[in-house]
Amino acid sequence: MELRQLRYFLAVADELNFGRAAERLRIAGPSLSQQIKALERDLKVSLFDRDRRSVTLTANGAALLPHARALVEQADDLRRRAAGLSTSEPVRLGYVKWCPTDWAERAAGVARLRVDTWVMPSHTQAARVSEGSLDLAICWVQGEDLESLSLEARLVGVDRLYAVSVGTDTSPVEAKDTVVLLDADTDTWSSWNRYAQQYGAGTGARTVRVDDGGVTGQEFFEHVRRLRRPVLNNPKGQDMVEPKDLVRRDVIRPTPLWTWSLVWRRGETNAAVLAVIEALTSDAAAAVDDESVWLPAADPHRTGSA
């Protein structure tokens with residue numbers, strides 16, 4: 001029995017879904033299933049009842065769950081003590097919409113993490129890090145933001161944007177044939193408007209201004225119906241389910257990407273903050289700079305960006 005197998009057991013017990021647990025743990029679904037089976041063999045008990053529709057804890061699994069959780073917490077505390085971080089103040093992390101599903105597990109072994117519940121736009125969260133009310137934030141930034149706010153950034157996630165269109169045609173659409181919405185609320189949608197304007201200029205896509213917050217949500221779908229053209233989605237609506245009369249279409253030539261950065265103050269010396277940065281970004285990798293994708297010229301994760 002290995003500690004990581006106990007972490008896998010806890011993730012599946014929390015999610016009661018092997019697919020979501022595998023995504024949270026950043027491992028392949030079959031590998032997760034094999035590790036759970038190996039743990040069951042070592043313990044000589046069945047931990048989960050599985051069928052095509054559901055996953056539930058067995059009586060043995062439920063009985064062992066609090067003990068497994070306690071063991072993992074003790075191991076994490078030991079790691080913090082060994083690193084001299086157990087008495088440090090919690091690291092304050094803010095975000096906009098996206099954060100890694102496994103952030104708690106990844107940070108648990110190196111520092112205490114306090115996730116700020118005040119979810120604000122990217123430019124606000126970056127400014128809060130700069131002024132010191134947050135230690136870290138996951139947000140969208142460009143090179144000039146990092147310079148003006150004296151911040152550093154590393155890539156933690158990427159959204160591949162798509163288009164939403166009226167009808168049944170789900171074939172890919174070229175970027176130049178899409179529409180991108182700009183919102184009149186320049187405070188709330190400052191980062192999106194900057195991205196959208198650059199996307200339009202860089203790909204030839206048409207930009208359309210709206211004044212109802214319709215870059216996402218149900219109002220977005222109404223604009224798609226009104227425009228009768230494929231409209232680029234906003235990352236805040238990345239997981240929304242389209243109504244039956246609308247379809248999702250891949251955008252190609254090029255494919256627009258939205259990057260999520262972990263930002264912190266330049267010259268940071270707090271060992272706990274630095275440890276969390278490493279924990280959250282050490283294995284972050286994505287193809288963000290090849291000929292098939294589009295990024296703003298000043299995206300900090302684009303090769304050669306300022």
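Lys-44 sits in the loop that links helix H3 (29-43) to strand S1 (48-50); helices here are DSSP runs of H or I with at least four residues, strands are runs of E with at least two, and both are numbered from the N terminus. The model is a predicted one, in which local features need pLDDT of at least 70, side-chain atom pairs count only at pLDDT 80 or more, and totals for chains, interfaces and linings use all residues. Residues are numbered from 1 along each chain as its sequence is written, and side-chain values use heavy atoms, with hydrogens and water left out.

The backbone at Lys-44 has a phi near 60 degrees, a positive value in a residue that is not glycine. Lys-44 is also exposed, at 72% relative accessible area; exposed stands for over 50%, buried for under 20%, and partly exposed for anything in between, using a 1.4 Å probe and protein chains only.

With a relative accessibility of 58%, Arg-228 counts as exposed.

Further along, the peptide bond running from Arg-253 to Pro-254 turns out to be cis, its omega being near 0 degrees. Pro-254 itself falls in the loop joining strand S12 (246-252) and strand S13 (255-265).

Gly-202, by contrast, is part of helix H8 (residues 190-203) and is exposed at 52% relative accessibility.
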